[in-house]
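I opened my notebook to go through the charged pairs and then the ligand site. Here is what I looked up, entry by entry.

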Amino acid sequence: MSELNLILLGPPGSGKGTQGERLQADLELPYYATGNILRAAVREQTELGKQAKEYMDRGDLVPDEVIIGVIAERLGTHEAEDGFILDGFPRTVGQAEALAERMRALGRRITAALLIDVSDEEVIRRLGGRRTCPNGHVFHIEFDPPEKEGVCDVCGEQLIVRDDDKPEVIRHRLEQYREKTEPLVGYYDERGLLERVDGTGSPDDVYESIRALLATLRMEEEA
Ligand code: AP5
């Protein structure tokens, strides 16, 4: 497979970030997680962060025009030449259309949109125990605990509970997902790009499914 241009799709808390980190380490491709990019912008109080903060705090999506340029710019860089992993983008049909246009302009195509499938009950369990560090590394107090409580295994930073992981905000994020992002399942399916991954096993089990799927895609391309 000449290049691997992957999209991670799925409800909040389905494990996109968890699997994205593994894919990034394994495939050595740039990993663009819009949630992480936006949270860093909020912390650094940049113009982007100021525009995004109130939407994120409420669990709403930031407007398309705010986020599309952020990703379009990265896809044209040298580091993304051999492929990329997108997590949390696109999240609306408008964003998907903008991504398709950007890929056409670059003479490239999306390899696959991987949908990580989990139930709402599982999402609530997962987000309720999530801990993250300021650099976006993800843990769970029960399912994926750090070696030392409250400290990131990767960068040693203190772990925190994300502001949008409060129960009422989680519910709103799920509603936003159903209304605005779930239509992308049909969008990518119609284009032959959707691959479903059962997200209910352990993080290692889910990753094994993703690896198997990527191996199949490679074999299909070479056949
Ligand atoms: P974002 O950060 O992208 O949030 P999200 O999509 O809601 O996804 P999460 O980060 O909550 O979950 P995840 O699927 O990555 O799961 P994780 O691996 O952490 O976006 C935040 C906000 O930014 C949005 O609400 C919006 O305002 C804005 N935004 C971002 N992109 C945007 C866009 N394109 N357009 C507009 N607005 C945008 O896992 C969750 C927990 O479960 C962890 O604790 C983990 O350890 C655990 N876990 C993971 N896998 C498993 C497993 N298999 N078994 C058990 N536990 C597991």
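**Entry: K53 and D57.** I started with the salt bridge between K53 and D57, whose closest N and O atoms are 2.5 Å apart. By salt bridge I mean a side-chain nitrogen of Lys or Arg within 4 Å of a carboxyl oxygen of Asp or Glu. The model is predicted, so I kept to its limits: local features need pLDDT of at least 70, side-chain atom pairs count only at pLDDT 80 or more, and totals for chains, interfaces and linings use all residues. Residues are numbered from 1 along each chain as its sequence is written, and side-chain values use heavy atoms, with hydrogens and water left out.

Why are K53 and D57 about one helical turn apart? Because they sit four residues apart in helix α3 (residues 47–58); helices here are DSSP runs of H or I with at least four residues, and strands are E runs of at least two, numbered from the N terminus. K53 is partly exposed at 38% relative accessibility, and D57 is partly exposed at 34%. My cut-offs are buried under 20% relative accessible area, exposed over 50%, and partly exposed in between (1.4 Å probe, protein chains only).

**Entry: R130 and D165.** Next I checked R130 and D165, which form a salt bridge at 2.9 Å, N to O. R130 belongs to strand β5 (residues 130–132) and D165 to the loop between β6 and α7 (167–181), so this pair ties together parts 35 residues apart in sequence. R130 is buried at 11% relative accessible area, and D165 is buried at 6%.

**Entry: R211 and E208.** In helix α9, R211 and E208 are three residues apart, about one turn. How many salt bridges does the structure hold? I have 17 written down.

**Entry: the ligand.** I listed 37 residues around the ligand, the closest being T18, D60, R91, R130 and R173; a residue counts if one of its heavy atoms lies within 4 Å.

For polar contacts (N or O atom pairs within 3.5 Å), I noted a polar side-chain atom of R173 at 2.6 Å from a ligand oxygen. R162 has a polar side-chain atom 3.0 Å from an oxygen of the ligand, while F139 brings a backbone N or O atom to 2.7 Å from a ligand oxygen. Alone, the ligand exposes 1000 Å², and the protein buries 97% of that (Shrake-Rupley method, 1.4 Å probe).

Definitions and conventions. A polar contact is a pair of N or O atoms within 3.5 Å; within protein, one must be able to donate a hydrogen and the other to accept it, and residues adjacent in sequence count only if both atoms are side-chain atoms.
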